Amino acid sequence: MAKPRATFGIDLHLEPAGPGLRRGLTEALREAVRSGRLAPGTRLPSSRALAADLGIARNTVAEAYADLVAEGRLTARQGSGTRVADHAVPRPPARRPAPRRPSGRLRYDLTPGTPDLASFPRAEWLRASRRALASAPHDALGYGDARGRPELRTALADHLARVRGVRADPEHVVVCSGFAHGLRLLCDILRTSRGARTLAVEPYGLPEHRNLIERTGLRTTPVPSDDADPGDAAAVLLNPAHQFPLGGALRPERRAAVVDWARRTGGLILEDDYDGEFRYDRQPVGALQDLDPDHVVHLGTVSKSLAPGLRLGWMVLPPSLLPEAVEHGAAGTVSVLEQLTFAEFLTSGAHDRHVRAARLRYRHRRDALVEALAERAPDVRVTGIAAGLHAVLRLPPGTERSVVRAAAWQGLAVLGLAHFRHPAAEVPPPDALVVGYGTPPDHAWAATLDALCRALP
């Protein structure tokens, strides 16, 4: 009986049907070409290979090929084998080109949340990948530990202790595929294991995070900016080192107060270490997790230091949460090869070198932004610039919407502060723009800055 799929040489799925092998094979090939499943230029297996794979005589395949060559559906040339003819499949009518946007639309991007992707250290990452793969044990390619590869958990524990002041045992580090994945896992644990119904958040933050939390079945409630008590919420999500989008650090008295709340109520603090690597005019603010590792989950990613597309993140968990996180299999969506590469990237010092270079480059951009605004838009006050990859531009009252529209006419993508406000926040936001100066590549920074200044009052 003929096998339906070729397994020798070039794979080709065929199901000969009808009376006679030659006729059935010819019709199967004809239909594959006619339907476009075999695209023009596709090379077919040799008659010997296809015959062996289908368990039929070679002459049967050769005759079927010859029939289709005669029809003009295939071509056969010595040295290039048998291929689908270029004209065998009618080409679809050419689509009309989409109307071009005006040349002044969306040429520049100052939306926050992304680093300069053109500066990703491709050569260093490739070298780390090669070293990691060459030295990886065979069992590294198996299913492995649900927390992630031990090489990466150990490297992260050392890195976070040295750079962020985190008290991290590798046994309590769990690898996840970015911050959103870790947050979703924690929300599921809170809802299913702790019966949580509410998660407190800051009045300003990413709408995507609030939406993610609410899709897991939890309700979000904003904590007033001047109040450190999340009330009866099961957990609170904070950016202590560099708040997004306002840009400040959590004051010492509020850090102490929220930790007291967690100890008193058994609540959990989810610490989003948002762009904690980048600081310019102040000493780095240590991780909140150091104050109480039993009540704080420290979450971090490479999305700002390297690139969000790597989908690499981590959680440093209190011991009480570890069994449930392991049960959920947090690291199951993260490639082992990416984990090993990042571990090598950390331990070799390549990550530190890249962050130092990026910190200097982003500081120059920030300084250029401040200087340009002081000269060309003196009524705009810049805040939140001591660290991170974004700045808040305080505008004259009542001008935020008009400035966002003016920016769009300049071809500039930018967001107003109102975009980040929790719908239930008590105090309306001041008029401001949130400018992500990490996003544009270096060669576009001057033009992007010029477009921003033209849009401002």
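User: In this predicted model, how is "buried" defined, and is cysteine 453 buried or exposed?

Analyst: Buried means under 20% relative accessible area, exposed over 50%, and partly exposed in between, with a 1.4 Å probe and protein chains only. The model is predicted, so local features need pLDDT of at least 70, side-chain atom pairs count only at pLDDT 80 or more, and totals for chains, interfaces and linings use all residues. Residues are numbered from 1 along each chain as its sequence is written, and side-chain values use heavy atoms, with hydrogens and water left out. Because its relative accessibility is 6%, cysteine 453 counts as buried.

User: How many disulfides are there, and which cysteine sulfur is nearest to that of cysteine 187?

Analyst: A disulfide is a pair of cysteine sulfur atoms within 2.5 Å, and by this rule the count is zero. Cysteine 187 is in no disulfide; at 13 Å, the nearest cysteine sulfur is that of cysteine 176.

User: What span should helix H6 have, and how far apart are its end C-alpha atoms?

Analyst: Helices are DSSP runs (H or I, at least four residues) and strands are E runs of at least two, numbered from the N terminus. The expected span is 1.5 Å times one less than the number of residues. For the 15 residues of H6 (residues 179-193) this should be 21 Å, which agrees with end C-alpha atoms that are 21 Å apart.

User: Which residues does threonine 383 contact, leaving aside neighbours within four places in sequence?

Analyst: Threonine 383 lies in strand S11 (residues 381-383) and is buried, with a relative accessible area of 16%. Contact means heavy atoms within 4.5 Å. Apart from those sequence neighbours, threonine 383 is in contact with Ala391, Val392 and Arg394.
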